[in-house]
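Reader: Could you take me through this structure, chain by chain and contact by contact?
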Amino acid sequence: MPPPGLVVRQASLTFGNRPLFHGLQARFDAGSWTCLLGRSGSGKSSLLRMIASLRLPDNHHLDLATSDGAPLTGRLAWMAQQDLLVPWQRVVGNVMLGSHWRGRPAPEDRQRAQRLLDQVGLADKAGQWPDELSGGQRQRVALARTLFEDASVVLMDEPFSAVDAITRLELHDLASRLLADRTVIMVTHDPLEALRLADRILILQGEPARLVSIPVPEGARPRPLDNIDLQRRQAELVTRLRESAHA
Amino acid sequence: MLEKIAPGRLVRPVVALVVLAAIWQLVLILTGVPRYILPSPMAVGSALIEQRALLAHHAGITAIEIVAGLIGGILLGLATALALARFRALRRTLLPLLLISQAIPLFALAPILMLWLGYGLGPKILMAMVIIYFPVASTGYDGLRQTPQGWLDLARTFGLSRRQQLLKVQLPAALPSLASGLRMAASAAPIGAVIGEWVGSSQGLGYLMLNANARLQIDLMFAALVVLVAFAVLLYFGVDAALRLSMPWHRDRVESGS
């Protein structure tokens, strides 16, 4: 089934009595990768949680439509900054966690989980406890768990921010390859990450905030670091983000 | 791995026991306390051997009370914790009651239970259950409540029902917290049973102690106490071992840490 595009209308969020944004609109094209940037506290993570219909403490509202008209329920996968591996399942059990939690995993679920572990380069860790893995390895397992859901829409909230720089670059390559042809929305703090991965970059800026679209570098993602266009645009993007703080 | 460590682990407690017995004997020699106040460790030891049939009979009764109380208290406590976590209305009504119930002294409860349930095993099992119930219910409920938000987010995007979320996510996440409640329960269970026996009974170690005391068989009284302590220790380590088995992901850390 082809991935749906998403349309967000009338998104509003109030923190205490301070409106972070209201009447916000956004379109996320089917099968595209959108990166959402903004300063801390701009409400970008909250916007993502609202699209995922996760719990939020503040007053919020959002109208969500899909391009094919079908509801998003059951077609969505979530990946957070923390790997969220559960200590009571081994690595392979964590990959097929959705299957464990919804009922009893079938033998083919286990095979699929093993294949995904192979794809993220952790085939030999299947029988270990999450405790025995490094931070980068744990995040790879989280990526495999996200892929296991086989969702056409993937929402990620700073998924690679807790790992070291080199591991992050490796995870970019891996994620970009494995999440091809899905509608991805990723919140990030890292301008370089956005420029490497995004088909479209949106900055949440101003008070109340608006979404501003930023042009992305040429070339197919993940864009290599020595891409001249990428380097030029990184300086621009950083300037934009700094301005947005004073706006 | 456990077999390799076990003998080394046993040496220290045994040494401690021997030293304790030596000090005990020394106090007897130095102070000249009469043996109807404090019998010698040797006298207690020989009472343990000579009266083993009598002790075994009463110990068996007490063991049944403790184990039945433990199982009943754990099941009831766990059910309460799950129900409290699941139903908001229940929290409002039951939680204050639960806290008030803790203010009732157990000793005051025992005669009432005797009155209602007679002198048999029933009221003793109930006493043990009552003393176990609260730590299990409260640590269980605390654990269920403190599930990290990230796992609840995952559960939501996985499309779990409230019931699935409670049993598959919150319950395993609550296990470490529940485990400390269960360890507390295991060491408290013998207290409940023995209090029940003191208030009114015709068998059990508590009865045997009172009876021996009245007849000035102080060595037998101490022997019964030794058996009771052995029960409490065995129960604690038994529950501890069961908990480790049920949380294999915890075991390595605990063993390397000690």
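Author: The notes below turn to the interface, a helix and a sheet. The model is predicted: local features need pLDDT of at least 70, side-chain atom pairs count only at pLDDT 80 or more, and totals for chains, interfaces and linings use all residues. Residues are numbered from 1 along each chain as its sequence is written, with chains lettered from A and ligands numbered from 1 in the order in which they are written.
Reader: How many residues of chain A are in contact with chain B?
Author: On chain A 18 residues are in contact with 15 residues of chain B, contact meaning C-beta atoms, placed from the backbone, within 7 Å. The elements of chain A that give two or more residues to this side are β5 (76-79) and α3 (97-102); helices (H or I, at least four residues) and strands (E, at least two) are DSSP runs, numbered from the N terminus.
Reader: And which residues of α7 in chain B are buried?
Author: Trp151(B), Leu154(B), Ala155(B) and Thr157(B) are buried in α7 (residues 149-157), that is, 20 or more other C-beta atoms lie within 10 Å of their own, with C-beta atoms placed from the backbone. The buried residues of α7(B) pack against β5 and α3 of chain A, together with α8 (162-199) of chain B.
Reader: Switching to the sheet: what is its strand order?
Author: Chain A has an open sheet of six strands in the order β5-β6-β7-β3-β8-β9, with mixed pairing; strands pair if DSSP finds at least two bridges between them. β5 and β9 (210-214) of chain A stand at the edges with a single partner strand each, so one side of each lacks a neighbour in the sheet.
Reader: In which sense do β3 and β7 of chain A pair?
Author: β3 (residues 33-37) and β7 (residues 183-187) of chain A pair in the parallel sense over four bridges. Thr34(A) has Ile185(A) as its bridge partner in β7(A).

Key
Contact = placed C-beta atoms within 7 Å. Buried ≥ 20, exposed ≤ 12 C-beta atoms within 10 Å, placed from the backbone.
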